[in-house]
Amino acid sequence: MKVLLIDVYNYNKGGAETVCFNTGKMLEEHGHKVVYFTLKWENNNPSPYSRYFPESKETRSGTLRLFKNVVNYFYHFEAARKMEELVKDEKPDIAHIHLIWGQITPSIFPVLKKYRIPILFTVHDYRMVCPAYTFRDGSGRICEDCKGRYFYKCFTHTCCKGSKIMSAVMAAEQYFRNCFFNPAQYIDGFLYVSGFAKSIQEEYMPALKDVPNITLYNFSNSIAGKAKGAVKSKYFLFFGRLSYEKGVKTLLEAFKDLPECHLKVVGTGPKKDDLESFAVACGMKNVEFLGYKKGRELKDLVKNAYFVIVPSEWYENNPMSIIESYSEGTPVIGAKIGGIPEIVVEDETGYLFPSGHSGDLKSKIVLADGLTANEYLKLSEGSLRFAHEHLSLESYYPKLIAFYNRFF
């Protein structure tokens, strides 16, 4: 089978790209041919298909650059043209999309339909029903006020980065897309990465219920062979983007009065300076900010961590941070929000706490810190067991291929 994988970026910018490239590698290892279609970016990895990649908002040049960027947020004319060139040359059997909204855009849908290529879509966020894709308004409040149709509220609530202009553009794009390229009409099958994501998408776009779908958690490329006993240096770990919706401020508040518990914070983002200033102001000598890490260095930090903490304050879908933690046998303390409760099993793989409640998080940290060696071993074993049963290549691949085969 020749599979066309579609994403905005040809480098590991976030969780969606990690899943996209891992999927491609898995398919190739099982004898399938994989073709990629992304936009051009300065950070892109080399690709034999780069001649088909259309310009992105960053690589586009010329006096009309700003105007073209706005137009291409709604409909990317070059993407449609380049997609047709690629389809004619490569003749893929199926197209599997990961990210396109506001970048590649649905301009490629009619092309794929023209050549009768089934379109599958992995739903990594909530962009089909929420213009700002996070279900949070400009004040940071969890918000479902659009209800799948009142998208102007993205503008009135200033949901996009505190900008009325950007919020208006996102709301307008949602109206445009639903009118001319409705996902329920163009996409042949959906892959949801959590039951929560499936339920909320279908609640606000009921027509999605009639489209074939499957719920598949993201997967890990490798899972440790045995559980962890005592760790050499006990520390709790957060790794991810340092932005308001990730709940890192709540995490710091929980550790503020726990000087005996050590926290390492890995990542960067718009709240980095504010968070570091907060830690300094509170005299928190038990917190280290390590900056951005990747590859083996990050893997070792996760592997050697006592617990990973995921304190999200938005409808987190299926966090790769949890999947990567379980793959190393590291248990997780996670916020009870979005899809997190589906994969953090209380007393088996870790603990849950109400999102945004630093006091409850503090209690879970104290509980974790006081575990006996045997109690900790059981949580590590539970994490690995969950990973093998739900997050492994061996469990993922047959389900994915069976879903692909439904469209032939």
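On a 1 Å grid over the protein atoms alone, a pocket is an open set of points with protein on both sides within 12 Å along at least five of seven lines, and a cavity is a set of points where a 1.4 Å probe fits but cannot get out. Lining residues have an atom within 4 Å of a point. Grid points are joined across faces, edges and corners, and a volume is the space filled by probe spheres set on the points.

The views below come from a predicted model, in which local features need pLDDT of at least 70 and side-chain atom pairs count only at pLDDT 80 or more, while totals for chains, interfaces and linings use all residues. Residues are numbered from 1 along each chain as its sequence is written, and side-chain values use heavy atoms, with hydrogens and water left out.

**View A. The second largest pocket.** Let us start with an open space of about 280 Å³, the volume of the second largest pocket. Of its 13 lining residues, those nearest the centre are Lys 228, Ala 230, Val 231, Lys 303 and Asn 304. The lining of this pocket divides into four nonpolar, four polar and five charged residues. Here Ala, Val, Leu, Ile, Met, Phe, Trp, Tyr, Cys and Pro count as nonpolar, Asp, Glu, Lys and Arg as charged, and the others, Gly among them, as polar.

**View B. The largest cavity.** The model holds two cavities of 30 Å³ or more, and the largest has a volume of about 80 Å³. Among the residues that line the largest cavity are Cys 130, Cys 143, Cys 146, Cys 154 and Cys 159, along with Phe 135 and Arg 136. By class, this lining has nine nonpolar, no polar and three charged residues.

**View C. The second largest cavity.** This cavity has a volume of about 40 Å³. Its lining includes His 98, Trp 101, His 124, Tyr 126 and Gln 201. Strand β4 (residues 119–123) gives the largest share, three residues. Six nonpolar, four polar and two charged residues make up the lining of the second largest cavity.

**View D. The sheet that contains β4.** Six strands form an open sheet with parallel pairing, in the order β2-β1-β3-β4-β5-β6. Its edge strands, β2 (33–37) and β6 (213–215), each pair on one side only. Strands (E, at least two residues) and helices (H or I, at least four) are DSSP runs, numbered from the N terminus, and two strands pair if DSSP finds at least two bridges between them. β4 and strand β5 (residues 189–192) run parallel and are joined by four bridges. Look for Phe 121, whose bridge partner in β5 is Phe 190.

View E. Strand β11 (residues 332–335) pairs with β12 in the parallel sense over four bridges. Within this view, Gly 334 is opposite Leu 352 in β12.

**View F. Helix α1 against helix α16.** The axes of helix α1 (residues 15–29) and helix α16 (residues 393–405) come within 11 Å and cross at roughly 85°. Axes are lines fitted to C-alpha atoms, for helices over the stretch in contact, and angles run from 0 to 180 degrees between N-to-C directions. Since 65 to 115 degrees counts as roughly perpendicular, α1 and α16 are therefore roughly perpendicular to each other. Thr 23, Met 26 and Leu 27 of α1 meet residues of α16 including Tyr 396, Tyr 397 and Leu 400, where contact means heavy atoms within 4.5 Å. The contact of α1 with α16 has eight nonpolar residues, one polar and no charged.

Conventions:
Angles under 35 degrees count as roughly parallel, over 145 as roughly antiparallel, 65 to 115 as roughly perpendicular and the rest as oblique.
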